[in-house]
Amino acid sequence: MENFNFKPTKEDILNAFKRIEGYIDITIEDFQKLYELVSQIWWERLIKEIKAKDIMNPQVIFASPEETLEEIVRKLVKAKISGLPIVENEKVIGLLSEKDIFKKLEIDMNFKALSIFLNLEKTIQNWERLKNSKAKEIMTTPAITIEENSSVEEVFKIIKMHKINRIPVVNYQGKLVGIITREDLLKHPFFRVELS
Amino acid sequence: MKPLRIILESKAPPRVRFKEVCASFLGAFIGIGLIGVISMFFFDSRGMPLIIPPFGASAVLLFGAYKSPFSQPRHVIGGHLISALSGVIAYLIFEGTLWLATGFGVALAIALMHLSRTLHPPGGATTLVYILGGAKFHQLGFLYLLFPVGIGIFILTFSAVIVNKFLLKRPYPEYWW
């Protein structure tokens with residue numbers, strides 16, 4: 001799927017021409033150009049029309065600000081996710097990601113596992129020191145969120161601008177209703193092109 | 001082998017099915033034949049045939065490329081009438097200078113067809129038929145729009161709708177206006 005080509009080839013167009021009865025007075029090159037332009041215009045319209053709530057995952061795993069780092073790490077490992085929103089009274093007050101935790105434990109992001117081995121003692125010391133810290137003490141604030149009726153175009157813009165991997169979706173009252181992760185977006189070939 | 005490959009690997013749209021070839025043949029035969037018959041019975045004896053060469057070009061589009069925007073009634077009727085008008089105007093202005101009349105006439109026809117979204121390539125020939133047709137056409141003046149152009153193109157379009165839609169079961173016209 002990585003190198004999947006969404007543009008029709010000249011052979012595809014030729015085969016389509018053959019399936020239509022009657023003479024089509026457009027050259028294959030012109031049709032190809034037209035098709036690409038139509039696809040582009042269609043996509044530009046679509047990402048304005050699709051809303052955040054249409055693509056979000058409504059089942060959000062989150063943590064309360066009083067939960068400890070250890071509890072949160074267990075949650076992340078169990079759910080196989082790399083970050084979660086910190087929620088108080090249904091409102092997102094911060095975000096805690098794998099990246100934030102590594103930073104606190106002084107683990108080099110580029111050599112995660114190797115970095116732990118090399119500095120095993122120090123990492124354990126840091127972990128012992130921080131594992132009972134509360135989420136509210138280590139989370140990233142303010143949380144960047146998006147309103148559920150915002151367009152997907154807006155979602156892409158925020159993800160790219162802030163270089164973030166997940167964005168909690170909130171309703172008009174600011175209450176958490178879902179989450180959009182870069183990982184989920186990358187599963188969709190069209191969204192992958194947009195994010196690249 | 002190379003010249004043969006060049007011929008076989010043409011960039012032209014693919015050849016239509018044989019059934020389409022037969023349908024186009026039959027359609028054009030009926031359409032142009034009908035104008036010919038009407039012309040023979042009602043107009044030839046008066047020295048002014050109803051059929052003019054541009055109708056042959058229109059028939060190619062109406063029956064051979066009926067899906068094309070050029071072939072839709074708006075373009076066929078509008079394009080011929082606008083081109084006829086352009087021919088008459090060009091001749092009136094540049095009567096003495098034929099090259100200017102022909103050049104201006106066809107250019108005006110294209111411009112007006114573009115502006116009115118009625119582009120129909122055979123229209124250019126309709127313009128030239130009037131300018132180059134001699135006294136027989138020139139004495140018609142603006143009547144050229146009605147006869148032979150208006151009546152002829154109306155019959156041809158009408159027969160194209162009947163033959164394509166009802167006899168050959170082709171989806172024609174794709175739009176009227």
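Which residues in H3(B) meet which residues in H8(B)? Select both helices of chain B to find out. This is a predicted model: local features need pLDDT of at least 70, side-chain atom pairs count only at pLDDT 80 or more, and totals for chains, interfaces and linings use all residues. Residues are numbered from 1 along each chain as its sequence is written, chains are lettered from A in the order in which they are written, and side-chain values use heavy atoms, with hydrogens and water left out.

**Stop 1: the helix pair**

From H3(B), pick Phe55(B), Ser58(B), Ala59(B), Leu62(B) and Phe63(B). They meet Pro148(B), Val149(B), Gly152(B), Ile153(B), Leu156(B), Ala160(B), Val163(B) and Asn164(B) in H8(B). Contact means heavy atoms within 4.5 Å. By class, this contact has 10 nonpolar, 3 polar and no charged residues. Ala, Val, Leu, Ile, Met, Phe, Trp, Tyr, Cys and Pro count as nonpolar, Asp, Glu, Lys and Arg as charged, and the others, Gly among them, as polar.

Now view the axes, which are lines fitted to C-alpha atoms. Those of H3 (residues 54-64) and H8 (residues 146-167) of chain B come within 11 Å and cross at roughly 20°. That makes H3(B) roughly parallel to H8(B) (angles under 35 degrees). Helices here are DSSP runs of H or I, at least four residues.

**Stop 2: the core**

Stay on Leu62(B). Its contacts include Ser71(B), Val76(B), Leu156(B) and Tyr172(B). Leu62(B) is also among the residues with the most contacts inside the largest nonpolar core, which has 33 residues. Such a core is a set of buried Ala, Val, Leu, Ile, Met, Phe, Trp, Tyr and Cys residues joined through side-chain atoms within 4.5 Å. Buried means under 20% relative accessible area, exposed over 50% (1.4 Å probe, protein chains only). H8(B) gives the most to this core, with 8 residues.

**Stop 3: H6(B)**

Select H6(B) next. 7 of its 10 residues are buried, so H6(B) is largely enclosed by the rest of the structure. Among the buried ones are Thr126(B), Val129(B) and Tyr130(B). The cover includes H3, H4, H5, H7 and H8 of chain B.

**Stop 4**

Most residues other than glycine have a negative phi, and most peptide bonds are trans. Check these exceptions.

- Arg117(B), not a glycine, has a positive phi of about 55°. Find Arg117(B) in the loop between H5 and H6 of chain B.
- Lys163(A) has a positive phi of about 50°. At 65% relative accessibility, Lys163(A) counts as exposed.

Key
Axes fitted to C-alpha atoms, helices over the stretch in contact; angles between N-to-C directions. Helix = DSSP H or I, 4+ residues; strand = E, 2+ residues; numbered from the N terminus. Parallel < 35°, antiparallel > 145°, perpendicular 65-115°, else oblique. Lists of a residue's contacts leave out its neighbours within four places in sequence.
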